[in-house]
Amino acid sequence: MTPVRCSSGCLGSVDVSVTMRRWLNSLMLQPVVVLAGGLSHQRDISLKSGRTVAQALRRVGHEVVEADIDSSLIKTLRANDGAVVFPMLHGGLGENGALLEVLKLMGIPYVGSGPATCRISFDKSIASRIVAAAGVATPQQVALPHDIFRELGARPVIRSITERFGLPVIVKPARGGSSLGVTKVDDVADLPQAIANAYAYDDMAVVEEFITGTELAIGMVTTSERTRVLPAVEIRPVGGVYDYSAMYTGGETRLTAPADISGETAEAATEMARIVQRELGFSGISRVDAIVDGSGCPVFLEAGAAPGMTATSLVPVAMEAAGLDLGEVCSQLVADVASNHD
């Protein structure tokens, strides 16, 4: 360590090499605007994710501005000309591709998937069909708009569901996240209320067969050069269902990374994630959720273009298991976007 003489004449213990390196890094690293918040049901989670990413980027030397989605956003973006946007928005305008269309319109570079990929992956009924067409195992599923019950009546539709899928089933909003509006139904008498709960978050409800097995989350980091599939995280909620409470309450879920599964199943999960990434076109940080059935086959459940990055989120756990630093990963993604921006 090199002693440094202060203006007052005292000797300080500042490491000149470290200080100089940090200063040089700050000159070379791209400034970043982290977007978080918005008005979706997942606003609070988005703010936590945004703060996590912003702190990680600052830790590795980036100048970071944190911004919410409001009427002052465009002014903020223009005031930070040359910055790369890092969206950490869950649900609503952030995850359905709408805000990204505006960023593209303004010629602002951003980390993550494009608007079309976001729209497709955000709608579970569409993404599931695309993935199934590529040969990936998926649950049997039906997507029901709210109007169908008014036109046909609830009773015949519900009867058809139970005849096709049996019980239990999972009911969830077609577009949403954080397991909001998701219900496991064991009794047919509870199915109407479960569907109503899903409609509270979206006008399209998805009902799919319930598959018993080991639940996995497989994170991915995709740059212009390659996709790195992270170790699968095994999810074991104390209450048996990975709902909103289990996701964001400490101690409610046990996470194991890498997952306690066979090497063959782990390879199959990795290959499934690569197929999903290719078919849906994910960039940046994304995640595939799956369940390993009784035969050891990973079954696709859903995929997200904007996974949570909170203290209890799955992708940061996978990054740690892979020996990756969140700040360095995010910085690499920013650099990749900046270097490839027209």
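1. Two residues are in contact when they have heavy atoms within 4.5 Å. By that rule, and not counting residues up to four places away in sequence, Val238 touches Gly251, Glu252 and Thr253. Val238 and Arg254 are 16 residues apart in sequence, yet 7.4 Å apart in space, C-alpha to C-alpha.

2. This is a predicted model, in which local features need pLDDT of at least 70 and side-chain atom pairs count only at pLDDT 80 or more, while totals for chains, interfaces and linings use all residues. Residues are numbered from 1 along each chain as its sequence is written, and side-chain values use heavy atoms, with hydrogens and water left out.

3. The protein has 14 helices and 15 strands; these are DSSP runs numbered from the N terminus, helices being H or I of at least four residues and strands E of at least two. Of the 342 residues, 44% are buried (buried means under 20% relative accessible area, exposed over 50%, partly exposed in between, with a 1.4 Å probe and protein chains only). Among contacts between residues at least 6 apart in sequence, 66% join residues at least 24 apart.

4. Where does Val238 sit? Its place is the loop between strand E12 (233–237) and helix H11 (244–248). Val238 is exposed, with a relative accessible area of 62%.

5. An open sheet is formed by 4 strands in the order E6-E9-E7-E8, with antiparallel pairing (two strands pair if DSSP finds at least two bridges between them). Strand E6 (141–145) and strand E8 (183–185) each have a single partner strand and stand at the edges, so one side of each has no neighbour in the sheet. From one strand to the next the twist averages 25°.

6. E6 and strand E9 (residues 204–209) run antiparallel and are joined by 5 bridges. Val142 stands opposite Val207 in E9.

7. Helix H10 (residues 191–199) lies across E6, strand E7 (169–173), E8 and E9, and runs at about 25° to E7. Axes here are lines fitted to C-alpha atoms, for helices over the stretch in contact, and angles run from 0 to 180 degrees between N-to-C directions.

8. The lining of the second largest pocket has 3 nonpolar, 2 polar and 5 charged residues (Ala, Val, Leu, Ile, Met, Phe, Trp, Tyr, Cys and Pro count as nonpolar, Asp, Glu, Lys and Arg as charged, and the others, Gly among them, as polar). A pocket is an open set of points on a 1 Å grid over the protein atoms alone, where a 1.4 Å probe fits, with protein on both sides within 12 Å along at least five of seven lines; lining residues have an atom within 4 Å of a point.
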